[in-house]
Amino acid sequence: MTYPSDTPPFLASDHLSRRTHDILTARLEEDASAVPRTLSTTAFTVLERLVSVLLPQEDILGQQTLNLALRVDMALSGPRDGWRFAELPPDIQAWEQALLTLSDLSISQFDRPFSQLEDNAVEIFLDGMGEGKVGLDAPRRLTPPQMQKWALDLRADVIECFLADPRVQDRLGMSANLNGGDERFQGFETVQANEREDFEPVTKISSAA
Amino acid sequence: MKTYAETDILDVIVIGSGAGGAPLAARLAQAGKSVLVLEAGPKFTPAHYTSDEIEAREIYWLNERLSGGRNPQPFGGNNSGTGVGGSLLHYGAFLPRPDARDFQLHTETGRSVDWPFRYEELLPYIEEVEAFIGVSGPAQYPWDSSRQYAYAPPPANPAAIKMREACDAVGLRHADGPTALITRSFNQPHFGERKGCVSCGACHQGCRNGAKSGTDNTWLPLAVAYGAEIRPGCFVHTIETDQAGRVTGVVYKQNGQDIRQRCEKLVLSAGAVETARLLLHNGLANSSGQVGENYMTHISTQIWGEIDQEVRPNRGYPSLTITEDMMRPKDADFAGGYLIQSLGMMPLTWASNIARGSTRRGADLVRTLAGYNRSIGMGIHGDCMPSPENRVVLSDEKDSFGIPKPLITHSYGPNELAMHAHASRLLTRMWQAIGARDLRILDRAAHMMGTARMGKDSGSAVVTPYGQSFDIDNLWISDHSTFPSATAANPALTIMALSLRTADAMLTH
């Protein structure tokens with residue numbers, strides 16, 4: 001089997017099960033040609049802008065970034081995680097209303113669409129949501145306490161969709177999916193610090209500490 | 001496997017195939033009872049489990065729950081499983097014994113409640129569970145010199161080693177914790193070969209080689225060998241009763257069809273949310289008004305930090321090192337205590353905790369995520385008291401079965417807040433002592449208990465100290481719903497021990 005140039009080499013490892021291989025390979029193409037299927041166009045453009053400031057992918061992936069907003073949009077229509085905050089409507093509704101709340105606030109406060117806001121303005125919205133200071137008391141919009149809860153879901157979904165991609169896992173040197181193949185379920189021979197096994201990707205990005 | 005006809009009247013129907021239902025099913029089948037276990041989830045093939053944390057959600061209970069209160073609790077992978085084997089398919093296999101003092105916390109402190117019997121009464125069952133399922137642990141357990149474990153501990157990963165160093169630095173004893181996995185291959189009776197743990201690190205995504213001691217590779221094969229049927233894909237929604245109020249059977253949904261199955265006795269082992277929901281939805285066994293009340297969790301504060309070594313926290317058994325020295329801290333401003341364990345973690349779970357537990361964004365967030373391979377953690381499990389604030393009720397919203405979704409309210413009280421604060425200070429001091437940097441405290445709760453508590457008084461408890469309903473004599477509960485208080489120990493061992501004890505009571509009452 002041949003792989004495109006940006007396909008992580010670890011996908012060919014016999015330390016990866018066939019099922020996990022297929023899951024990860026399918027995920028590589030997840031955002032190739034699709035358009036949003038869950039959120040409205042307005043809501044989606046807000047999400048795209050939010051995601052670009054919350055998680056600047058270029059620092060990890062260079063120019064080969066994911067369409068992360070689209071992946072989140074697709075995840076919203078898939079199986080969820082089994083719970084939601086009691087104060088929020090069902091997930092799809094909550095995301096639509098939260099993003100439209102930000103859209104409305106952008107127009108009223110900055111007189112332009114959210115997608116055209118400067119990074120600094122988006123950062124203020126992100127921080128304000130976390131502090132429970134951003135929201136609207138209007139029909140089909142979320143109040144500040146609701147936005148505070150939703151902001152946690154936003155963060156979790158965006159980060160999960162990002163780390164679920166095998167290219168990201170490769171760049172960060174993650175071997176979590178290389179925990180054993182089908183022919184032989186190998187696990188890890190060493191779990192000691194600073195002992196990387198040959199099949200584990202090297203870490204290519206430096207960290208915070 | 002023997003199968004029963006829809007027209008058969010079973011001696012016992014058990015709802016749920018996890019830690020609460022499976023040991024009891026095996027015990028009753030061994031005693032010659034006809035037993036049917038109805039499991040809402042599918043039967044999985046262990047070799048097919050995937051380490052991909054998105055797809056691995058298939059083993060979590062994903063029917064939506066509404067989570068409220070000041071400390072709204074995540075469900076799904078945090079505490080609730082599905083499939084033949086229940087939540088033990090995804091549990092972390094950390095298997096400490098409950099502390100005897102936690103059963104008498106009211107007597108000790110005037111706060112919380114006592115259990116209706118002493119720890120010593122449960123101990124023979126605890127030992128039986130450990131011996132049967134296979135548990136690894138140290139040759140000498142510092143907090144109980146009489147204890148023996150059949151298997152040597154798995155290899156220590158860097159988080160475990162660093163926690164040992166941190167304990168030494170602050171003067172705490174430490175040991176390899178009791179873990180419900182086997183470290184050499186074993187031919188499990190009625191199941192077949194279970195391989196030794198290979199340090200793959202994906203316990204929470206399902207064990208692929210049988211090393212982890214669940215019910216799917218221990219109690220359930222035993223039950224089946226003695227004539228029990230395990231029926232997957234069966235979601236029970238209705239409990240039927242006769243004019244005298246006794247249970248006559250259940251109705252479950254399977255492949256879109258409603259199917260009635262009758263029984264002489266019914267055991268609910270569906271977990272603290274689903275057991276309560278089933279009783280509330282059917283309006284049963286609630287003369288005490290306590291069904292759904294006193295929902296409890298474990299205070300599960302974590303600390304994470306980075307060190308100057310590549311540790312790859314996905315590798316190895318995730319949470320090996322334990323200290324029980326904080327079970328009654330001398331400087332405590334709270335009742336009860338907590339266990340500390342080391343933590344490795346799979347990447348999405350780790351990152352999701354950061355997402356929900358911090359406000360990092362932009363380059364700061366990216367650098368934090370990039371630090372995964374240098375990250376080590378510790379976490380606690382702290383006792384939680386019953387509180388009238390915390391409960392499971394039926395919401396106004398229906399699920400796909402047409403049953404109201406559960407609404408769970410969970411807020412820490414003063415005791416829980418004090419314990420969280422105490423642990424936060426200690427964990428910080430420990431990680432600082434070994435030079436970890438970029439420290440992050442995560443305020444979180446895990447597990448679930450309560451909602452149908454046992455007791456001696458029918459006015460304040462749902463079931464007797466053996467799990468029998470005060471209101472309906474052929475209705476029993478065998479899961480963590482019956483816990484009067486949380487205790488600090490991870491609940492699986494206590495649930496399994498109680499399950500055997502309830503089975504013995506059913507055979508003699």
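**A threonine and its surroundings in chain B**

User: Which residue has a side chain joined to that of B:T301 by a polar contact?

Analyst: The model is predicted. In it, the side chains of B:T301 and a histidine are joined by a polar contact of 2.7 Å. A polar contact requires N or O atoms within 3.5 Å. The partner of B:T301 is B:H420.

User: Is B:T301 buried or exposed?

Analyst: A residue counts as buried under 20% relative accessible area and as exposed over 50%. B:T301 has a relative accessible area of 0%, and therefore it is buried.

User: With which residues is B:T301 in contact, leaving aside its neighbours within four places in sequence?

Analyst: The list includes B:H420, the residue whose side chain also makes the polar contact with B:T301. With those sequence neighbours left aside, the contacts of B:T301 are B:M378, B:G379, B:I380, B:H420, B:S424, B:L427, B:I441, B:L442 and B:R444.

User: What is the phi of B:R312, and where does this residue lie?

Analyst: B:R312 is in the loop between β12 and β13 (321–323) of chain B. This arginine is buried, with a relative accessible area of 1%. Its phi is positive although the residue is not glycine, with a value near 50°.

User: Which strand holds B:H447, and what is the phi of this residue?

Analyst: The strand that holds B:H447 is β19, made of residues 445–449 of chain B. B:H447 has a relative accessible area of 17%, so it is buried. Its phi, a positive value in a residue other than glycine, is near 65°.

User: What radius of gyration does chain B have?

Analyst: Chain B has 509 residues, and a compact globule with that number would have a radius of gyration near 23 Å. The C-alpha atoms fill a box of roughly 65 × 50 × 50 Å along the principal axes. The radius of gyration of chain B agrees with the globule value, at 22 Å.

User: How many of the contacts in chain B with a separation of 6 or more join residues 24 or more positions apart?

Analyst: The secondary structure of chain B comes to 10 helices and 20 strands. Of its 509 residues, 67% count as buried. Among contacts with a separation of 6 or more, the share from residues 24 or more positions apart is 74%.

Technical notes. Residues are numbered from 1 along each chain as its sequence is written. Chains are lettered from A and ligands numbered from 1 in the order in which they are written. This is a predicted model: local features need pLDDT of at least 70, side-chain atom pairs count only at pLDDT 80 or more; totals for chains, interfaces and linings use all residues. Side-chain values use heavy atoms; hydrogens and water are left out. Buried means under 20% relative accessible area, exposed over 50%, partly exposed in between (1.4 Å probe, protein chains only). A polar contact is a pair of N or O atoms within 3.5 Å; within protein, one must be able to donate a hydrogen and the other to accept it, and residues adjacent in sequence count only if both atoms are side-chain atoms. Contact means heavy atoms within 4.5 Å. Helices (H or I, at least four residues) and strands (E, at least two) are DSSP runs, numbered from the N terminus. The radius of gyration is taken over C-alpha atoms; the globule rule is 2.2 Å times the number of residues to the power 0.38.
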